[in-house]
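Thank you all for coming. I would like to take a few minutes to walk through one model, moving from the whole chain down to single residues.

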Amino acid sequence: MWKNKDNGYEYNYSLYITKPYRDKRDRYILVISIVILFFLILIVKQSLDMINRKNAYTLYLKQAVQAEQEQKRQEEQKKQEEARKQEEYKKMKMPKLTEEGKQNLENIYHSETKKAFLTFDDGPSSNTSAILDILKQENIPATFFVIGNAVEVHPELVKRAYEEGHYIANHGYSHIYSKVYSSPEMPLEEFNRCNELVQNAIGVPEYNSHLFRFPGGLVGGKYADLKQEAKQILNDNDILNIDWNCLTGDAETRFPTEEKLMNGLIETSEGKNSIVVLMHDAQEKTATVDTLPKVINYLREQGYEFKNFYEIIK
Ligand SMILES: [Zn+2]
């Protein structure tokens, strides 16, 4: 600040000379400060954003890795569990013919307690699924003597029956007597052909039921002698056979009434502790399906416990 002391006045020249400049400079400073502040804020914000994004990304990566590891762990656990179940299941469902099994079959009709073995021949057919539904609902194990050429048509029904715990036994491939009994060796061939189809249907390559039922039964008829020879050949190959000691008579007439089937069951089961019940799940046997709940009720009322051939050939 300049001052003129000569005339007693004091002038502050800077107010006149420098004020515009000072204002301009102040404005510059202000503007520059604002700009710098703006950029500083921007930089800080960008930096914070970047740090946040980086943290979020790191967290995301960590979580993704953890999720992947957890998924892998669960998948591995599931696989192990499946394999264990599959192994247990196969063991459980694999009929094994032992000396004990042979004895069991020989003594099947000599039981202290009341046992009923429901058996269904000549399937599978479109009736089989209805029979399986009823058995499932009633929680009853049964045995299916399947025919190879029907297994070819309905492999899925054989698989279902097997998976639902029923015993898949063997009734040959063709069921045509002139073919099955064309030689004493033919029943074994028919057994093997049918068994292979069952193996494929259920997806168990080593499956063998070890159990055959001669079409038309073992006893009597014009092939009686040949059947005895065939039985020996089958036995030599670890294949047993079983007929029945009880039947509804569902194969005797084409369209039997429920009354007739129930009478057949009542008559042929009377006084027997252990019964192997012959029924059929062939295409035309709708009466068997319709009567099955009554058959089950009646046998339950009579105190029978339901078994299948896993009880015999374990
Ligand atoms: Zn048959």
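This is a predicted model: local features need pLDDT of at least 70, side-chain atom pairs count only at pLDDT 80 or more; totals for chains, interfaces and linings use all residues.

Residues are numbered from 1 along each chain as its sequence is written.

The protein chain has 11 helices and 8 strands, where helices (H or I, at least four residues) and strands (E, at least two) are DSSP runs numbered from the N terminus. Its radius of gyration, taken over C-alpha atoms, is 44 Å, well over the 20 Å that the globule rule gives for 314 residues, so the chain is more spread out than a compact globule; that rule is 2.2 Å times the number of residues to the power 0.38. The C-alpha trace spans about 160 × 40 × 35 Å along its principal axes. The chain is divided into domain 1 (1-92) and domain 2 (99-307), with bounds that come from an automatic or database domain assignment, and the centres of the two, taken over C-alpha atoms, are separated by 80 Å.

Now to the helix pairs, for which axes are lines fitted to C-alpha atoms over the stretch in contact, and angles run from 0 to 180 degrees between N-to-C directions. The axes of α10 (residues 258-269) and α11 (residues 286-301) come within 10 Å and cross at roughly 40°, which means that α10 is oblique to α11; angles under 35 degrees count as roughly parallel, over 145 as roughly antiparallel, 65 to 115 as roughly perpendicular, and the rest as oblique. The contact, defined by C-beta atoms, placed from the backbone, that lie within 7 Å, is made by E258, L261, M262 and L265 of α10 and by A287, D290, T291, K294, V295 and Y298 of α11.

For α4 and α6 (residues 155-163), the axes also come within 10 Å, but they cross at roughly 15°, so α4 is roughly parallel to α6. Here the contact is made by T128, S129 and L132 of α4 and by L157, R160 and A161 of α6.

Finally, the loop between β1 (115-121) and α4 (128-138) holds P124, and the peptide bond from G123 to P124 is cis, with omega near 0°. D122 lies in that loop too, and its phi is near 75°, a positive value in a residue other than glycine. Most residues other than glycine have a negative phi, and most peptide bonds are trans.

Definitions and conventions. Two residues are in contact if their C-beta atoms, placed from the backbone, lie within 7 Å.
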